[in-house]
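Subject: Structure handover, with notes on what was found

Dear colleague,

I am passing on the structure we spoke about, and below it you will find my notes on what turned up. Please read them with the structure open beside you.

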Amino acid sequence: MLNELFDKYESDKGTLHGPAHGYGPVYESLTKNRQIDCLIEVGVEFGNSLMVWGAAFPDAEICGIDRALPTGFTLPSGKQVRLAHADQNNLETFLESEEILSWPLADMIIDDGGHCMNHHWVTLAGLWDKLKPGGIYIMEDLHTCNLPSMSSMY
């Protein structure tokens with residue numbers, strides 16, 4: 001089901017768009033028989049995957065973090081996404097963001113942001129306390145962290 005939603009909303013987590021990671025089965029197994037009341041995703045870009053999470057978990061609070069945010073973002077259910085501006089280069093923006101601090105604890109946090117190790121560390125340190133006990137913390141695309149094209153991010 002999630003791969004179909006990733007493809008429908010043109011997310012690169014599916015099998016048709018961008019690098020087409022095909023993460024659907026992984027996310028299916030992680031969320032099967034799990035209640036998702038709040039999901040936080042870092043690195044939302046145009047909001048494609050936020051649309052997927054909103055369709056897959058219509059009763060959940062969907063929260064997105066990016067350094068450049070989409071505006072007026074509405075999920076398929078008509079519910080608004082909670083958005084926060086934060087830069088993965090700066091731990092203080094995660095630790096002091098009033099928007100993020102006001103969010104409920106998350107059942108799942110997904111870091112799909114800058115794809116370099118420094119960004120992953122900042123995000124983990126900044127958001128770890130927002131994860132519910134027993135929640136899932138995911139870092140996507142770790143295989144790209146050592147690519148020469150990412151060296152400018154360090």
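Glu140 lies in the segment after strand E5 (131–139) and Lys13 in the loop between H1 and H2, so the pair ties together parts that are 127 residues apart in sequence. Helices (H or I, at least four residues) and strands (E, at least two) are DSSP runs, numbered from the N terminus.

Before going further, please bear in mind that this is a predicted model, in which local features need pLDDT of at least 70 and side-chain atom pairs count only at pLDDT 80 or more, while totals for chains, interfaces and linings use all residues. Residues are numbered from 1 along each chain as its sequence is written, and side-chain values use heavy atoms, with hydrogens and water left out.

Salt bridges

Glu140 is buried, with a relative accessible area of 3%, and Lys13 is buried as well, with a value of 1%; buried here means under 20% relative accessible area, exposed over 50%, and partly exposed in between, using a 1.4 Å probe and protein chains only. Lys13 also forms a salt bridge with Glu41, where the closest N and O atoms are 2.8 Å apart. Because Lys13 sits in the loop between helix H1 (2–8) and helix H2 (24–31) and Glu41 in strand E1 (residues 38–42), this pair ties together parts that are 28 residues apart in sequence.

Another salt bridge joins Glu61 and Arg82, with 3.8 Å between the closest N and O atoms. Glu61 lies in strand E2 (residues 61–66) and Arg82 in strand E3 (residues 82–85), so parts that are 21 residues apart in sequence are tied together by the pair. Glu61 is partly exposed, with a relative accessible area of 24%, and Arg82 is likewise partly exposed, at 27%. Salt bridges that share partners join Lys13, Glu41, Asp112 and Glu140 into one network, and a search of the whole structure finds 6 salt bridges.

Overall layout

The secondary structure of the protein comes to 6 helices and 5 strands, which from the N terminus on run α-α-β-α-β-β-α-α-β-α-β. Of the 154 residues of the protein, 49% count as buried. Helix H3 (residues 48–56) is largely enclosed by the rest of the structure, because 7 of its 9 residues are buried. These are Ser49, Leu50, Met51, Val52, Trp53, Gly54 and Ala56, and the buried residues of H3 pack against H1, H2, E1, E2, E3 and E4.

Two residues to look at

Ile109 lies in strand E4 (residues 106–111) and counts as buried, at 0% relative accessibility. Leaving aside its neighbours within four places in sequence, Ile109 is in contact (heavy atoms within 4.5 Å) with Ile40, Leu127, Lys130, Leu131, Ile136, Tyr137 and Ile138.

Gln88 is found in the loop between E3 and helix H4 (91–96), and it is buried, with a relative accessible area of 9%. The side chain of Gln88 makes a polar contact of 3.1 Å with the side chain of Asp111, and a further polar contact, of 2.7 Å, joins the side chains of Gln88 and Thr123. By polar contact I mean a pair of N or O atoms within 3.5 Å, where within protein one must be able to donate a hydrogen and the other to accept it, and where residues adjacent in sequence count only if both atoms are side-chain atoms.

Cysteines

How many disulfides does the count come to? Taking a disulfide as a pair of cysteine sulfur atoms within 2.5 Å, the count comes to 0. Cys38 is in no disulfide, and the nearest cysteine sulfur, that of Cys63, is 4.2 Å away, which is too far for a bond. Cys38 counts as buried, at 2% relative accessibility, and Cys63 is buried too, with a relative accessible area of 0%.

With best wishes

Notes:
A salt bridge is a side-chain nitrogen of Lys or Arg within 4 Å of a carboxyl oxygen of Asp or Glu.
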